[in-house]
Amino acid sequence: MRTIRLAVAWAALSGFLPTIALAQEALRPAELQRLSFYVGSWSEAGQMRDDPAKPFKPIAGGETCSWAAGGYAVLCQEKTSGQGGGWEGVYILSYDATAKRYHVHGTENPGGNLHAVGQIEGNRWIWVTDPAPDGSRLRYTFAPSLQGARTLMVEAGTDGSWAPIANIRYAVRK
């Protein structure tokens, strides 16, 4: 008899869990849902340079991003390498509903940290880092491209003058 009651209780609970999950998702701001742009497993190929005066060199790698913190953040892990250099990093993307701003916090090998504020312009995501001690910043512009892929252009400079330092294409891993 106890087994039957447990089975009935489990069946009843199983029916409520999807309803609870959908209700929680409905409470999340639509702006937060837009971070799904980054979610997935991606292969990367592109070119990079560490100085705007130097030529571009090839890089390749991959990134995996998934929902975290109960669906209130996206956690990404990325690793690239190649003649153009490379990096390994972990990034947390989130939306601050009070300030109505997107944020990314990251740590990269060998210990560099970054914070950037993001905004959406049309279908493009534009992230600008906090200023370095010399006043320079990095600007990351992500845009969707064909077949579910996306592109990234990284520029260095100041708010009025930007020089490209990386161009990367992300394709969905199969």
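**Strand pairing and one side chain**

Me: Which residue is the bridge partner of M48 in β10?
Reply: A166 in β10 is the bridge partner of M48. Keep in mind that this is a predicted model, where local features need pLDDT of at least 70, side-chain atom pairs count only at pLDDT 80 or more, and totals for chains, interfaces and linings use all residues. Numbering runs from 1 along each chain as its sequence is written, and side-chain values use heavy atoms, without hydrogens and water.

Me: How many bridges link β1 and β10?
Reply: Seven, between β1 (residues 40–48) and β10 (residues 161–172), in the antiparallel sense. Strands here are DSSP runs (E, at least two residues), numbered from the N terminus. Pairing takes at least two DSSP bridges.

Me: What about β9 and β10?
Reply: Strand β9 (residues 150–158) runs antiparallel to β10, with nine bridges. A156 has A163 in β10 as its bridge partner.

Me: Last one. Where is L75?
Reply: In β3, residues 73–81. L75 is partly exposed, with a relative accessible area of 32%, which falls between buried (under 20%) and exposed (over 50%), using a 1.4 Å probe and protein chains only.

How values were computed:
Helix = DSSP H or I, 4+ residues; strand = E, 2+ residues; numbered from the N terminus.
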